[in-house]
Amino acid sequence: MAKTYQYSLRFAIDPYNWDTVKEAKLIDFCKQGQIDNVVFFINPEELNQGHPTLAQVREHWLPTIKSVAERLAKWASRPV
């Protein structure tokens, strides 16, 4: 990609409906689309049921995002 900008994917993730198949599809999409980074949204639009508690964020949303982010980071750090 050009050095003057980054291509960021804005991605709404659902930790209650997430699995390794969806994770692999997201990573493949990022590879094919040459996406530089992913911005994860928690509690987005149609999943929104009010303000999540800190416990909900820590127990559900963050572990899911961390898992995906770690796999994306491994892929991004590979030599091209």
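The legends below describe close-up views of a predicted model.

Local features require a pLDDT of at least 70 and side-chain atom pairs a pLDDT of 80 or more, while totals for chains, interfaces and linings use all residues. Residues are numbered from 1 along each chain as its sequence is written, and side-chain values use heavy atoms, with hydrogens and water left out.

**View 1. The salt bridge between arginine 71 and glutamate 23**.
A search of the whole structure gives 2 salt bridges (a side-chain nitrogen of Lys or Arg within 4 Å of a carboxyl oxygen of Asp or Glu). In the pair shown here, arginine 71 and glutamate 23 have their closest N and O atoms 3.1 Å apart. Helices (H or I, at least four residues) and strands (E, at least two) are DSSP runs, numbered from the N terminus. Glutamate 23 is buried, at 5% relative accessible area, whereas arginine 71 is partly exposed, at 38%. Buried means under 20% relative accessible area, exposed over 50%, and partly exposed in between (1.4 Å probe, protein chains only).

**View 2. The salt bridge between lysine 66 and glutamate 70**.
The closest N and O atoms of lysine 66 and glutamate 70 are 3.9 Å apart. Both residues lie in helix H2, 4 residues apart, or about one turn of the helix. Lysine 66 is exposed, with 52% relative accessibility, and glutamate 70 is partly exposed, with a relative accessible area of 43%.

**View 3. Aspartate 14, buried without a salt bridge**.
Aspartate 14 sits in the loop between strand S1 (8-12) and helix H1 (20-33). The nearest side chain of opposite charge, lysine 22, is 6.6 Å away; Lys and Arg count as positive and Asp and Glu as negative, with His and the chain ends not counted. Apart from neighbours within four places in sequence, aspartate 14 is in contact (heavy atoms within 4.5 Å) with Leu47 and Trp61.

**View 4. The largest nonpolar core**.
A nonpolar core is a set of buried Ala, Val, Leu, Ile, Met, Phe, Trp, Tyr and Cys residues joined through side-chain atoms within 4.5 Å. S1, H1, strand S2 (37-41) and H2 each give two or more residues to the core, and the largest share, 5 residues, comes from H2. Not counting residues up to four places away in sequence, phenylalanine 11 touches Trp18, Leu26, Val38, Val39, Phe40 and Phe41.
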